[in-house]
Amino acid sequence: TVDDWKKFLLEAEVTRNLETFCTDASSTIHIAKDDHEMDGQSGAICLSLEVQAMSDTTQHLMVRKKDASSFNLGKDMRSQLQVVQIFGDEHPFTHLQKYLDVYDPYTTSYAKQKNILREKETKVGAPAILKSVQDLKTLLHCNQSMSIPEVHLRKHIHREIVQVCKDHPIKSTEEYIDLLGEDLVSSSEFLNDIQRSMKDVVKECRMVTEQDPPIFKKSLEEIQFWSDLDNALARMETQLKGKEIRVVIEILRRSKRFQTTLSLEGDLGLETVREKVKDYQALLQDLPIHDLLSAKSLEQVAAALSNIFVHMKKINKTAKIHIQRVIWLMDSITQEFTQQVAKILAGQQLLHLPFDDFEKATSGCADLFALWQHQHRQYLKLCQQLAKRRTQQMPEKLSLNEHLPLKTRMEQIRAFRRQHDNFLTVLKRVMPAEDGLAAAGGMSSTDEVNQAYADVKERNDIVVDMTDKSSQLWEISLRQYEERIERVERHITSKLRDRLARAGTATEMFRVFSK
């Protein structure tokens with residue numbers, strides 16, 4: 001009630017915290033209210049300057065000053081405070097994801113409107129922030145997409161058992177049963193209650209043990225899923241071995257209600273699940289995928305690939321792993337390999353580099369793609385052999401060519417730059433600047449060719465972008481380049497004919513041809 005709130009705010013500690021909040025520019029108020037009711041009474045309210053995660057039944061309010069420098073107690077507080085509400089049953093990362101989903105489109109739109117993304121001088125400013133936000137969203141999506149239910153078995157246990165275990169922390173199972181009393185533990189109503197509670201325990205445990213993982217798009221998602229499942233199983237087993245569960249099982253055994261206890265111990269299939277997770281962890285736990293995702297050069301990518309394929313051969317020693325999931329994982333790694341190579345090449349400003357530097361920067365592409373294709377095919381052969389041996393099915397569709405569009409594009413770019421450089425070399429020899437020859441529009445042939453290339457350079461930001469739209473723009477740029485080069489070639493042909501016509505002797509004609 002309002003009176004309860006007024007009384008709460010007048011408490012000495014609460015008053016001190018509020019005074020500190022008003023004077024300290026960096027402070028945050030954390031108000032927590034536990035909605036869990038005990039004996040008809042609602043949970044306690046807590047106000048502090050330290051933010052702490054609490055139980056699933058807790059509501060949180062985070063209060064900060066929008067502008068500490070202009071905070072004025074004489075003005076309306078609602079316009080000066082920023083309040084964020086968080087519910088305890090919601091994962092903190094999920095809440096953060098929701099905020100990013102709201103603000104990301106706005107900040108991206110603002111950046112485009114202000115042309116921030118194209119300003120080279122702000123590479124360490126707004127563009128870097130926007131990129132970090134995208135990276136954070138990816139990680140949060142990874143965490144969200146593999147969320148495994150958190151089990152809380154204690155909530156199903158009869159309150160009398162929970163209370164006696166709480167009041168007497170260090171007792172044996174038999175002693176706890178004695179403390180409950182013979183009248184209670186022999187009561188049919190009590191026995192029916194705890195039998196129903198154990199069915200709820202089994203049901204909640206199966207939410208973990210019967211997890212059916214989806215096909216993940218990122219390798220980190222696959223790795224994190226099995227790690228999280230391993231941790232969830234460990235936490236669940238700890239709860240199953242807890243004193244409350246032991247007391248319930250023993251009471252049911254004494255009353256000869258074996259069906260429920262057998263269901264708990266056998267039907268959950270904990271041992272089978274544990275062995276399966278252990279095998280996946282053995283394969284994935286130390287997979288050096290971060291070496292690939294953080295590679296800054298093609299040489300580092302090549303080294304990471306070699307290490308990944310060597311590590312993935314551990315599948316020979318993991319009998320519980322389904323080959324199909326490994327193939328799906330390799331599909332994810334294929335995409336990440338392609339994306340990382342494109343990212344590295346995009347950062348090289350390939351069309352702006354001097355030709356010799358360009359050759360050096362891209363010379364390893366062909367070898368890198370060949371290395372990937374060889375290693376990938378060899379690994380697929382190994383998987384096919386293991387699938388046959390384990391009588392498992394291989395995926396109907398195998399992704400062998402995810403990298404081919406980028407490989408083809410890089411071959412095209414290298415051929416284009418070599419052709420352009422060779423053409424300029426011939427042009428300068430055949431049409432020296434001192435001849436004063438001019439192409440159409442009053443530009444020299446060399447200037448015309450340089451301008452044609454300069455127009456292509458404007459597309460440097462999409463040169464390794466393999467989306468349909470960017471590919472179309474790239475092809476249009478190449479066609480426009482070819483059209484201008486054809487005009488220059490027609491002009492050169494015309495001028496050479498004129499030179500040959502003016503040649504008075506065979507020696508002069510051969511001199512024209514020799515160039």
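**Reading a predicted chain: terms and values**

User: Why does Gln349 count as partly exposed?

Analyst: Gln349 has a relative accessibility of 31%. Buried means under 20% relative accessible area, exposed means over 50%, and partly exposed lies in between, with a 1.4 Å probe and protein chains only. The value of 31% therefore places Gln349 in the partly exposed class. The structure is a predicted model, in which local features need pLDDT of at least 70 and side-chain atom pairs count only at pLDDT 80 or more, while totals for chains, interfaces and linings use all residues. Residues are numbered from 1 along each chain as its sequence is written, and side-chain values use heavy atoms, leaving out hydrogens and water.

User: Where is Gln349, and what is its phi?

Analyst: Gln349 is in the loop between α15 and α16 (355-362). Helices (H or I, at least four residues) and strands (E, at least two) are DSSP runs, numbered from the N terminus. The phi of Gln349 is near 55°, a positive value in a residue other than glycine. Most residues other than glycine have a negative phi.

User: What makes Thr391 exposed?

Analyst: Thr391 has a relative accessible area of 72%, and therefore it is exposed. Thr391 lies in the loop between α17 (365-389) and α18 (404-430). The phi of Thr391 is near 50°, again a positive value in a residue other than glycine.

User: Is Ser470 buried or exposed, and how do you know?

Analyst: Ser470 is buried, because its relative accessible area is 7%. Ser470 belongs to helix α20 (residues 468-502). Not counting residues up to four places away in sequence, Ser470 touches Ile462 and Asp465, where contact means heavy atoms within 4.5 Å.

User: Why does Glu271 count as exposed?

Analyst: The relative accessibility of Glu271 is 56%, so Glu271 counts as exposed. Glu271 is found in helix α12 (residues 270-284). The C-alpha atoms of Glu271 and Thr209 are separated by 9.9 Å, although these residues are 62 apart along the chain.

User: Why are α9 and α15 called oblique to each other?

Analyst: Two packed helices are described by the angle between their axes and the distance between the axes. The axes of α9 (residues 219-240) and α15 (residues 323-346) come within 8 Å and cross at roughly 140°. Axes are lines fitted to C-alpha atoms, for helices over the stretch in contact, and angles run from 0 to 180 degrees between N-to-C directions. Angles under 35 degrees count as roughly parallel, over 145 as roughly antiparallel, 65 to 115 as roughly perpendicular and the rest as oblique. The two helices α9 and α15 are therefore oblique to each other.

User: Which residues of α9 and α15 meet?

Analyst: Ser219, Leu220, Glu222 and Trp226 in α9 meet Arg325, Leu329, Ser332, Ile333 and Glu336 in α15.

User: Where is confidence lowest and where is it highest in the chain?

Analyst: The pLDDT is the predictor's confidence in each residue, from 0 to 100. Helix α4 (residues 126-145) has the lowest confidence, at a mean of 61, and helix α14 (residues 298-312) has the highest, at 94. The chain averages a pLDDT of 81, and 80% of the residues score at least 70. Over residues 37-41 the pLDDT stays under 50, and the model has two contacts beyond four places in sequence for them. Where pLDDT is low, the predicted coordinates should not be read in detail.

User: How many helices and strands are in the chain?

Analyst: The chain has 21 helices and four strands. Of its 515 residues, 39% are buried.
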